[in-house]
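I opened my notebook to look up a few things in this structure. The sequence and model come first, then my entries.

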Amino acid sequence: MLRAAIALLLLTVPALAQERLLSLGGAVTETVLALDPGAALVGSDLTSQFPPRAAALPKVGYLRTLGAEGVLSLSPQLVLASADAGPPAALRQIEAAGVRVLSLPEAHTPEAALERVRLVGAALHREAEAQSVAAALRADLAQVQADVAATPGRPKVLFLLSAGPGAPMAAGTGTAADAMVRLAGGINAIEGVRGYRGLSAEAALLAEPDWIVTTSETLRGVGGTDRLLAGPGLAATPAGRARRVAAFDGLYLLGFGPRLAQAQRDLALALHPGATIRPLPARPWAPPS
Amino acid sequence: MTAQAATARRIALAMGSGRLLLPGLLVLLTVALLVELLLGAVVIPPGRMLELLTGAAPTQREAAVLWQIRLPRGALAIAIGAALGLAGAAQQGLFRNPLADPALIGVSSGAALAAVTAIVLGERIGTWLVFLPAGALVPLFAFGGGLAATLLALRLSRAAGPGGEGTGSLLLAGIAVNAVCAAGTGLLITVSDDRQLRDIIFWTMGSLATGGWYGAAGAGIGAVLALAVLLPAARALDALLLGEQEAAYLGIRVDRLRLMVVIATALAVGATVAAAGVIGFVGLVVPHLVRLIGGPRHGLVLPGAALLGAALLLLSDAASRVLAAPAELPIGLVTSALGGPFFIALLLRRGRGAA
């Protein structure tokens, strides 16, 4: 009996002595906390703003302009880094100090979100949690995908990353916004342009978007829907005339993290009013907003 | 005694010689280096740092912080600060204009254009230059671009003047080259994707974080070359203060001096841009600070600007690593924030002294 208790203790002690973690990238941090809400995170970057616990962590600066010493000062043992994290020299300096750095894929696909769950699960020794989160995510994605496929129309969507004085930045192909619009049963109104580009008034008219989608940060920054539509050419588009503007949190909509299925459903609901898109089961990592 | 030396002496007597300036700046540089090594987000107490520097076995983390982060950054800051201060002092002497700065003759804009070209078209260029180690393409382009833009400005200024290659036409040629390079950079920015855009911003804002020992060595060679060329030219630059014709009467070959200063500046500044991107303010203001303290004699201003430039950049880097820890501030922001108020205070003091 006593021996069994000691054996149990020996088995559980390594699991209790958690590694000190630092996560870089909003979707990476979300994934870590989805697998282990009590994860021993000692810091993250400025893009890690969800869940609230992530927002409250010490921030080592912007994902792409990290300082090695700032990261080291938080004494992490394992750094989970999005592929976007950098500069590479800073990551090399962190590794030289004996800290393990695990690079995680960053792609605008459901597969990348699932792969991230698997890799983070392996790194945190939480394979069982990773399997259940991945299974839930896969099921949710399949459900939304089926409902989206059944919607009748394919509206043209203009995604604006920024707006305000000057030309707004519109999402072309190869962007997270482009991938999200297609997942939600829309068509990107800007075709033949890669990346985020400044949009002229005439290009906006030519694009003839049925919907304008943006981030809530951008909409707040520009001062609301009216101000957004006052941008060059936007008011005269079908979306502008009908005031069809939708805005979502940037990390939620474009992060391709564990809340991907919920974001896909929310965008699909906005683009296909009246269509039947079944609600998703409650997930602890994706509280209803 | 040559007329040249007499001129220099007269200027020195008139303006005050500042005998303690260079030793004082050397002390400041040493203090700044200590600050750079001791301060940082990772706390290493001074006693422990002393042990480490004198050969105590470091932990892996201490070794990384000291040898991979603080020491190479310190070396990089010294090399770049010295090169920029020196280049600025020589340019202001050559153009006899306190607003001259190394960017004036196209070095910085040419280097920026070439660096942005390498960032945006890098994948296509990279396939021809497979022998280059990864990460070397952009710095090499920056260095070459700075030099090429300067040579172009020189060539234009020669073609412009009828036989004359006056400093005025060099200034105009520099402005033209700057405008063309800025247009080219702007054009490339509009065709870049968002990832390249972030690299470009990183480059044009300047950073000491990524240069490392190689960058420090490159910028150091540039600084030493510039020092070797410019220090012997100090007296000629003094004579030039009287005017180009007057200097020529004193036996100075102004055209040769101009060529030497411009090439040395382009080499030094090109090397700094290659190692750390474009860092403004140091080249413009550091020579002024030295002149406000020690007078206009180039025998003092040139080495003084090198020392003060190095010290200012060291202190700025230490501040950039500490103030927003665990994040970092851009170095250009800190040089301006630290140097600006100091400069204003000096100007005010001088104004009061003169009244």
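I began with contacts: two residues are in contact if their C-beta atoms, placed from the backbone, lie within 7 Å. The model is predicted, so I noted the limits: local features need pLDDT of at least 70, side-chain atom pairs count only at pLDDT 80 or more, and totals for chains, interfaces and linings use all residues. Residues are numbered from 1 along each chain as its sequence is written, while chains are lettered from A and ligands numbered from 1 in the order in which they are written.

**Entry: where the chains touch**

I looked up the contact and found 25 residues from chain A and 21 residues from chain B. On the side of chain A that touches chain B, helix H4 (68-73) and helix H5 (88-96) of chain A each give two or more residues. (Helices are DSSP runs of H or I, at least four residues; strands are runs of E, at least two; both are numbered from the N terminus.) H4(A) gives the largest share, six residues.

**Entry: a strand pair**

Next I checked chain A for strands that pair, which takes at least two DSSP bridges. Strand S1 (residues 21-24) and strand S2 (residues 41-44) of chain A are parallel, with three bridges. A:Ser23 has A:Ser44 in S2(A) as its bridge partner.

**Entry: around one alanine**

Which residues does B:Ala83 contact, leaving aside neighbours within four places in sequence? I found B:Ala219, B:Gly222, B:Ala223, B:Ala226, B:Ala268, B:Val269, B:Ala271 and B:Thr272.
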